[in-house]
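Here is a short briefing to read alongside the model.

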Amino acid sequence: MSALSTMIRQGSRRRYYQSQQMLGPLQSSSSLSIPYFDNDDNNKHSTTIQNRSYHATNRNEILPFIAAGVLVGAGVYTFRTLQQIDKDWEDYYQELEEYKAVTGIDPEQESSSSSSNSNTTANRSDNADLSSFFTGGTLAIDIGTSRLKLSHQPSLSKNKNAKPSVIVDREGHRSTPAIAWKKTGEDILVGRLAASRSFDTRGGSIVHPQDVLLGNNNEQTDDNDIAAIQKTLRDVASNALDQVLGSSTGSSVKNSNNPLFVLDTSMSTPGSYNVRPIITYPAQSTATSSPPKQYQQALNGFTSPEGIAEYVSEPVAIVSGAEYFNLLPPTSSISDPVLVVDVGGTKTQVSMVSGDEVLHATSLPFGGDTYINLLVSKLAADFFGPSTENDDNSTDLSAKPRLNDPTALQRLYDASHTAVHELSNKTRSEINIPYLTMDLETRQPKHLEVGMSRNVVNSEFESWLKNKLVPHLRQSGSSSSLSQALPPSTNLSSLFSSVIMSALEQTSLTPMQLRAVLVVGGGARIPLMQSSMKESVGYLARELNKLVIPDGELLGELCVLGANWKSSQ
């Protein structure tokens with residue numbers, strides 16, 4: 001029992017000592033008296049233990065060390081971050097140089113003005129071979145004076161035998177009216193919907209894309225005109241691509257702000273295609289080979305990155321298409337000049353082309369639509385009275401008829417458009433328009449039923465040309481379009497002869513040096529145009545084998561097909 005008590009006392013004394021040593025630094029005294037029991041005599045004793053002194057460091061003394069540590073850590077982190085940034089920039093510029101070397105495009109280059117942007121974009125497109133990047137091929141867009149045509153060529157990297165073809169829409173049409181209708185507060189109408197309001201505008205206004213792009217419209221161009229053109233191009237192109245390539249990713253949620261054409265699939269957005277756009281433009285002069293700046297403005301936001309679109313002059317594209325389809329006579333040199341006569345809807349362009357260079361270009365204000373408008377004027381004058389005819393003293397060369405009833409005028413135009421197509425293959429056409437107007441005296445509807453001969457319409461055109469067009473050309477600044485060595489023109493054949501002779505004079509060429517005279521355009525389907533060209537070429541060159549007029553649909557589609565083929569060379 002005593003042994004057990006001794007062990008308990010020793011354990012208690014040991015724990016007590018340990019607790020006092022731990023509490024010692026917290027006490028203010030410098031020494032501590034600790035009682036204990038001796039095992040031998042069981043008497044209580046005491047001993048004195050000297051406390052250890054601890055020093056508490058002042059906060060002001062330790063803060064500088066903490067700050068120095070933080071600064072050193074931040075410095076090391078910043079140094080390593082800058083090293084990584086330098087490495088990333090080196091990798092970026094290396095990849096950028098490789099991208100520029102392959103594509104010829106500098107994404108970092110910014111234009112300081114729209115003019116410089118025009119030239120830069122054209123140069124990029126001319127020098128860049130991007131065909132291997134576009135798995136969807138190329139889409140050529142021909143913005144004509146009255147019709148808009150598109151052709152697609154699959155990627156040659158996938159199919160070396162791929163050929164360009166004109167895109168036929170879901171309704172079976174091979175072209176779309178190049179027209180837009182706009183009205184404040186209402187949606188813009190394009191294509192056939194806009195064409196149905198050419199005369200009956202219903203308080204809106206009509207926009208002809210090429211007139212705006214070339215600055216030929218009488219009114220000042222505004223942002224709404226550009227917006228109308230952009231909607232026309234986007235709607236027609238996207239519908240065509242949907243039909244040829246199928247709906248793109250997210251096409252059901254297309255955004256007009258998203259690019260329609262992208263360089264590679266990694267840039268794809270809803271409604272975009274890996275297709276390269278090729279835009280044709282009329283040759284304006286020999287001073288520059290770049291397209292008008294309005295063409296780049298119309299394509300703003302259409303491509304990603306900017307600069308992948310290619311621009312081809314219409315006469316060059318036409319000659320390229322003729323070479324592709326083997327329409328031109330054989331020659332020892334492709335640089336032999338070709339005279340191109342492009343009879344469009346409202347204008348006829350005469351160009352001298354040598355290789356990829358346009359030596360001379362001039363434009364005449366008439367075309368296939370002029371022929372149609374004169375037929376409308378004839379029908380309106382016969383049906384409503386001579387007061388509806390155009391004023392002979394008017395300087396308006398559009399030949400558009402005037403009528404107080406816009407709905408009746410629209411119906412007359414639609415019927416005349418169909419009749420002119422029939423007269424291209426027949427000598428006579430029957431025109432029937434029921435309920436054209438109302439007789440105010442009898443309160444009965446009046447119907448138009450008349451047979452129209454091709455010779456009658458030809459006579460109307462020749463009269464308009466002699467009395468209005470030729471005097472206008474001689475009195476205006478367009479006198480350089482006519483040769484001063486020939487007498488004043490009295491018909492279409494003599495007008496073509498004068499224009500061709502003027503082109504030869506300004507390029508210092510002779511008729512015998514011409515490789516061919518190539519006649520194209522939708523308006524060239526009119527027999528009067530073809531017969532007049534045959535007389536003119538026979539009069540000047542004495543060799544009708546130099547006159548080339550394509551057959552069938554190729555007559556109006558050679559430009560857009562040639563643009564695709566030219567881009568692939």
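Which residues in α9 meet which residues in α11? On the α9 side they are T370, Y371, L374, L375 and K378, and on the α11 side R454, V456, V457, N458, E460, F461 and W464. Please keep in mind that this is a predicted model.

**The chain as a whole**

- The protein chain contains 14 helices and 20 strands.
- It has 569 residues, and 44% of them count as buried.
- Among contacts in the protein chain with a separation of 6 or more, 61% are between residues 24 or more positions apart.

**Helices α9 and α11**

- Two packed helices are described by the angle between their axes and the distance between the axes.
- Here, α9 covers residues 368-384 and α11 covers residues 454-475; they pack at an angle of about 105°, and their axes are 9 Å apart.
- Because angles of 65 to 115 degrees count as roughly perpendicular, α9 is roughly perpendicular to α11.
- Sorted by class, the contact of α9 with α11 is made up of seven nonpolar, two polar and three charged residues.

- Strand β17 (residues 428-439) pairs with strand β18 (residues 444-453) in the antiparallel sense, over nine bridges.
- One of the facing pairs is R428 with S453, the latter in β18.
- Four residues lie between the two strands of this hairpin, and R443 in the turn has a positive phi of about 60°.

**The sheet of β8, β7 and β9**

- These three strands form an open sheet in the order β8-β7-β9, with antiparallel pairing.
- Strands β8 (189-190) and β9 (205-207) are at the edges with a single partner strand each, so one side of each has no neighbour in the sheet.
- β7 (residues 180-182) is joined to β8 by two bridges, and the two strands run antiparallel.
- A180 has V190 in β8 as its bridge partner.

**K347 and its loop**

- Where is K347? K347 sits in the loop between β14 (338-343) and β15 (348-354).
- Its relative accessibility is 22%, so K347 counts as partly exposed; the cut-off for buried is under 20%.
- K347 and D369 are 22 residues apart along the chain, and their C-alpha atoms are separated by 8.8 Å.

Key: Residues are numbered from 1 along each chain as its sequence is written. This is a predicted model: local features need pLDDT of at least 70, side-chain atom pairs count only at pLDDT 80 or more; totals for chains, interfaces and linings use all residues. Side-chain values use heavy atoms; hydrogens and water are left out. Two strands pair if DSSP finds at least two bridges between them. Buried means under 20% relative accessible area, exposed over 50%, partly exposed in between (1.4 Å probe, protein chains only). Contact means heavy atoms within 4.5 Å. Axes are lines fitted to C-alpha atoms, for helices over the stretch in contact, and angles run from 0 to 180 degrees between N-to-C directions. Angles under 35 degrees count as roughly parallel, over 145 as roughly antiparallel, 65 to 115 as roughly perpendicular and the rest as oblique. Ala, Val, Leu, Ile, Met, Phe, Trp, Tyr, Cys and Pro count as nonpolar, Asp, Glu, Lys and Arg as charged, and the others, Gly among them, as polar.
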